[in-house]
Amino acid sequence: MSARVSEVVMEEGAVGLESRVARIEADVANVKETVARLDHRIERLDEKIDNRFATLDKKIDDRFATLDKKINDTFGTLDTKIDSRFIWSLTTMITFGVALLVTMAKGFHWLS
């Protein structure tokens, strides 16, 4: 009975079960080594991608900071210009209003 269990009959003849198991074990070991190498490569690629994304994120953040500073500077000078023009137009309107009132007062003989 042990002779039958240890041998498998194939077309070429009897092949020992131990040799087939040894071949399968060698193939499994080879597959494990290949998977380990692939895992190592994938981890390296993952690290490279993470580093590249970190670099890109930093560049994008720097660009946005630069743009934000430029926009704030532009709006700051624009606010100053608008404020000065608003004061100028308000003063002009008050002056023209006073001049119109004086002219009306002279025309209607409110002032002598």
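Of the 112 residues of the protein chain, 1% count as buried, where buried means under 20% relative accessible area, exposed over 50% and partly exposed in between (1.4 Å probe, protein chains only). The model is predicted: local features need pLDDT of at least 70, side-chain atom pairs count only at pLDDT 80 or more, and totals for chains, interfaces and linings use all residues. Residues are numbered from 1 along each chain as its sequence is written, and side-chain values use heavy atoms, with hydrogens and water left out.

**Exercise 1.** Describe the secondary structure and the accessible surface of the protein chain.

*Solution.* Helices (H or I, at least four residues) and strands (E, at least two) are DSSP runs, numbered from the N terminus. On this basis the protein chain has 2 helices and 2 strands. Their order along the sequence is α-β-β-α. Accessible areas come from the Shrake-Rupley method with a 1.4 Å probe; for residues, only the protein chains shown count as cover. The accessible surface of the protein chain is about 10800 Å², with 64% belonging to carbon and sulfur atoms.

**Exercise 2.** Determine how many salt bridges there are, and characterise the one that involves Asp62.

*Solution.* The criterion is a side-chain nitrogen of Lys or Arg within 4 Å of a carboxyl oxygen of Asp or Glu. This rule gives 2 salt bridges. In one of them, Asp62 pairs with Lys58 at 3.3 Å, N to O. These two residues are 4 residues apart in helix H2, so about one helical turn separates them. Asp62 is partly exposed because its relative accessibility is 39%, whereas Lys58, at 55%, counts as exposed.

**Exercise 3.** Carry out the analysis for the salt bridge between Lys69 and Asp73.

*Solution.* The N to O distance is 3.4 Å. Both Lys69 and Asp73 belong to helix H2, and their spacing of 4 residues is about one turn of the helix. With a relative accessibility of 53%, Lys69 is exposed; Asp73, with 43%, is partly exposed.

**Exercise 4.** Locate Trp110 and state whether this residue is buried or exposed.

*Solution.* Trp110 is found in the segment after H2. Its relative accessible area is 57%, and therefore Trp110 is exposed. Contact means heavy atoms within 4.5 Å. Neighbours within four places in sequence being set aside, Trp110 is in contact with Met104 and Ala105.
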